[in-house]
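Dear colleague,

Please find the structure below, with a short account of what was found in it.

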Amino acid sequence: MTIAGLVEESRGEDAGRMRLVVVAASLGTVFEWYDFFLYGSLAVFFSALFFPPGNETAAFLASLATFGAGFAVRPLGALVFGALGDRIGRKRSFLITMVIMGLATLIVGLLPTYEQVGLWAPILLVTSRLAQGLAVGGEYGGAATYVAEHAPAVSRGYATSWLQTTATIGFLMSLVVILACRVTLGDDAFRMWGWRLPFLTSIVLLLVSLYIRLKLEESPIFERMKSQGRISRAPIKDSFADRNNLKRVLITLFGITTGMTVIWYTSQFYALFFMQAVLQVDYKTSYAIFAIGLTVGMPLIVIFGALSDRIGRKPVMVAGMLLGAVTLVPAFHALADFTNPSLVAFSRQNRITIAGDGCTFSLFAKPVSDCDRARNFFSRNGLSYVSVPGTGVVTTVGDMQLIGFDEATYKKALDDAGFRAVPAAINLAGAVAVVVWLSALIGMVYGPMAAFLVEMFPASIRTTSLSLPYHLGVGILGGFLPFAASALVIYQGNIFAGLWYPVSIALATAVVGLIFLPETKDRTID
């Protein structure tokens, strides 16, 4: 064989090995995100299954808070498994996290409900969510570092951007599996026991992912550090006791991960909650809109990751945060216009005010006053309202005036005013276009991020250093976004008030990023 032939064969082997690395790392991460998002997609069912009855709004918010609890422990998982990745290897670390995630998800599918065991039901559910959160906290850092340490420097953004698609793929898979189960079993059977199937069948994905990941070799950079005696014995201490590295951690947290997080979760998770819970779009239609929109928009993550190899990570990510801050509110208004135009028209034509005293609405208690019940009623129906001071409770809907609270009277008043909760017509193309735009925002802030995080920190403490700021942003700010946004809607009486949370954080992060975020694309990572 000629020298040229040997070179070509070597290149072919390297390309094949790189594809295996990306596929194996990505497949395992897809599986973990699929498991994690199953809960979020089924939160509306869990509110009735695992929490005390009596207040639908409070139960739904409690289910979202439980979803957020899984995110809250992700920084702890980042420290524990990030340190393992720096001490025993990237591969071993993310094998452990995948097994924990799979077993925790399987257990969720076997849990008894509140009707069966009372308060033990939410306790067991929260425990399972905490285990899932710990596992995901350790997964991302190991997988991102592993792929980046295999990738050629000139295409690191492109190679790692495939890993960034896994969260969207996992979310999409969860929607498709849930939709298939609900359509096949019917709503009643799915509500009673069919919701367990997506969790139980994840064991198949676990076995496949483990089989493929076991074929991988350790990262070449880690192997070199090991042979040269450069492995950190105390990666947590080395990451955060060193002043220069701590500065890099803080810049990463406040200059990119917080803004990326709120854009990501607002564009996918909260948008789906908003469409179903606020705009009253049925699950089949809402799942179809997101399935199409995410499928069309997902390649943008890879495109923007590749673009960052040419023009840099910083300009792409900061532009995404600025565009998110400017366009999220108009995008959600457009989503409302496209998916439930009759609801939007009714709100514009019939201003609702609630004048009264005794409004002490609690997120976790049953409404006790007429004022609380009135606010709860309009929130459930996706209608904005304005609270004003007054004596007693006087509610106006357009020109109609209602004294006190009686649900049947309120329903009749809305019917007489022409209110329809269920959309009469939906502009599917327009709704899908909004989801594609939201996917573009995700692509800009998330596509280049894995490469940036890896390039930001030294190899010996890389997984520990990058995992903590990533999961502080994703875990704390992102995990409680659905809860915080829903709470803002109820307290403010405005169905779009929940967007103030992500918009303000995205804007603040973009400003910090513009000032302090370094460009990393030309850095060596060994």
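Predicted model: local features only at pLDDT ≥ 70, side-chain atom pairs only at ≥ 80, totals over all residues.

Residues are numbered from 1 along each chain as its sequence is written, and side-chain values use heavy atoms, with hydrogens and water left out.

Helices (DSSP runs of H or I, at least four residues) are numbered from the N terminus. The axes (lines fitted to C-alpha atoms over the stretch in contact, with angles from 0 to 180 degrees between N-to-C directions) of H14 (residues 243-278) and H17 come within 10 Å and cross at roughly 10 degrees. H14 is therefore roughly parallel to H17 (angles under 35 degrees). In their contact (heavy atoms within 4.5 Å), H14 contributes residues including Gly255, Ile263 and Phe274, and H17 residues including Gly320, Leu328 and Thr339. This contact has 12 nonpolar, seven polar and no charged residues (Ala, Val, Leu, Ile, Met, Phe, Trp, Tyr, Cys and Pro count as nonpolar, Asp, Glu, Lys and Arg as charged, and the others, Gly among them, as polar).

The axes of H16 (residues 299-311) and H17 (residues 313-339) come within 7 Å and cross at roughly 130 degrees. Phe304, Gly305, Leu307, Ser308, Asp309 and Ile311 of H16 meet Arg313, Pro315 and Val316 of H17. Five nonpolar, two polar and two charged residues make up this contact.

H17 and H18 (341-349) each supply at least two residues to the lining of the second largest pocket; the largest share, four residues, comes from H18. That lining has nine nonpolar, seven polar and three charged residues.

Yours sincerely

Notes. Parallel < 35°, antiparallel > 145°, perpendicular 65-115°, else oblique.
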